[in-house]
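Please keep the sequence and the model in view while reading.

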Amino acid sequence: MTEQTRPEQPGRDQGQPERVVIAGAGMAGVQTAVALREQGWPGRVTLLGAEPHQPYDRPPLSKAILLGKAEGSAFEVDFEALGIELLLGCEVTALRPEVRTLDTESGPLGYDRLVLATGAEPVGLPGTSGIAGVHLLRTLDDAERLRPVLERQHRIVVVGAGWIGAEFATAAREAGCEVTVVEAAEVPLAGALPREVAAPMAAWYADAGAELRTSARVAAVEEGAVRLQDGTRLTADAVVVGIGARPATRWLRDSGIALGEDGAILADEQLRTSAPGVWAVGDCASFPSRRYGRRMLVHHWDNALQGPRTLAANLLGEEPAAYDPVPYFWSEQFGRFVQYAGDHGAADTLVWRGEPDGAAWSVCWLQADRLVAVLAVGRPRDVAQGRKMIEAGATVDPVRLADPASPLRSALL
């Protein structure tokens, strides 16, 4: 395995093999490097990672690593055998596409083609910088810092009842910690799901012995406590902030690469950016979806797994392929396995399959009788069938769809 401490200077001698540089060594970056080799890229492949660790998978951070059930989650990839050069602990700082140069903390790095896969970064809570006991959860180092907090069974306040907040609260309760989750919205997962779907999930917190405070805004965080705007003071040995993530693209602001208002790189349907020879994939990039009629920014593991295959094919100059997946993700929280496929943003009909106070149920969203999204709690078969139906653009009978005793596909028209 090749690990360099200082990038080479820009420029390539005639006759030397072309070099693809991939900025970002998370799932999207690693899978891009692997896909390029699997699909026959003959030149050099250099993978840059800002962290010093061997490239690793992130989902285990929120449970297995936190609870000491795993020491790491390094990808099982033989980079040396694939001829992939690793530059670890090498953070990118700027891009100069006019001279095909990537600036890093270790110096400039020339490329022939570039893939931006820098992922997303957590949104911090204003006013908490430098306060002891305040944590984010995004990296392996974050999880390692939080592990002893759980081991000591501290009193923990989690700010944000989104996916990460719920998963961390689940792990903290499993470790025996006293957990209070503070959410500014009226229901958990307010930014991800409609109120009527998310509301029943509030009971999961109490079932697990965690306290959920909704419609509760943080006024200030101080060492040892969180003060809410209504004057309530919550004692906290540790505070974990999980209020969202944004594309890690601030370093690109002066590059000329087109960015959206949300900070995402504006890739086209082939995952090309506005600069020649530069592609983007994963959490840092949005792409236009014909399926859903809008630009999509998908911050989920499956997007980082699937996108690189399309990108590699397009970079290699094969028949142009559009990237237009059915988004998919899962979450394990409070003893429940939650899965979601599709996008319900433009849906006009919601169909329940089962009762939301039960152990297993699902929800389907339709647009003019066409299935566009499905969420399932403890019903993995619904999502497996629903995802295929969404990909096929299937129309369904809403009455048959509502029968939880029948397979989802039995509602096909």
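Asp397 counts as partly exposed at 22% relative accessibility, as does Arg400 with a relative accessible area of 36%; here buried means under 20% relative accessible area, exposed over 50%, and partly exposed in between, using a 1.4 Å probe and protein chains only. Elsewhere, salt bridges that share partners link Lys63, Lys69 and Glu174 into one network.

Asp382 also forms a salt bridge, with Arg379 as its partner and 2.8 Å between the closest N and O atoms. Both Asp382 and Arg379 are buried. Over the whole structure, the search finds 24 salt bridges.

## A pair linking two strands

Glu222 and Arg233 make a further salt bridge, in which the closest N and O atoms lie 3.4 Å apart. Glu222 belongs to strand β14 (residues 218-222) and Arg233 to strand β16 (residues 233-235), so the pair ties together parts that are 11 residues apart in sequence. Strands are DSSP runs of E with at least two residues, numbered from the N terminus. Glu222 is partly exposed, with a relative accessible area of 28%, and Arg233 is partly exposed too, at 49% relative accessibility.

## The sheet around this pair

Strands of a sheet pair through backbone hydrogen bonds, either parallel or antiparallel. In this model, 3 strands form an open sheet in the order β14-β15-β16, with antiparallel pairing; two strands are taken to pair if DSSP finds at least two bridges between them. Because β14 and β16 stand at the edges, each with a single partner strand, one side of each is left without a neighbour in the sheet. From one strand to the next the twist averages 20 degrees, where axes are lines fitted to C-alpha atoms and angles run from 0 to 180 degrees between N-to-C directions.

Strand β14 is joined to the antiparallel strand β15 (residues 225-228) by 4 bridges. Glu222 has Ala225 as its bridge partner in β15.

## Basis of the values

Residues are numbered from 1 along each chain as its sequence is written, and side-chain values use heavy atoms, with hydrogens and water left out. Because the model is predicted, local features need pLDDT of at least 70 and side-chain atom pairs count only at pLDDT 80 or more, whereas totals for chains, interfaces and linings use all residues.

Technical notes:
Salt bridge = Lys/Arg side-chain N within 4 Å of Asp/Glu carboxyl O.
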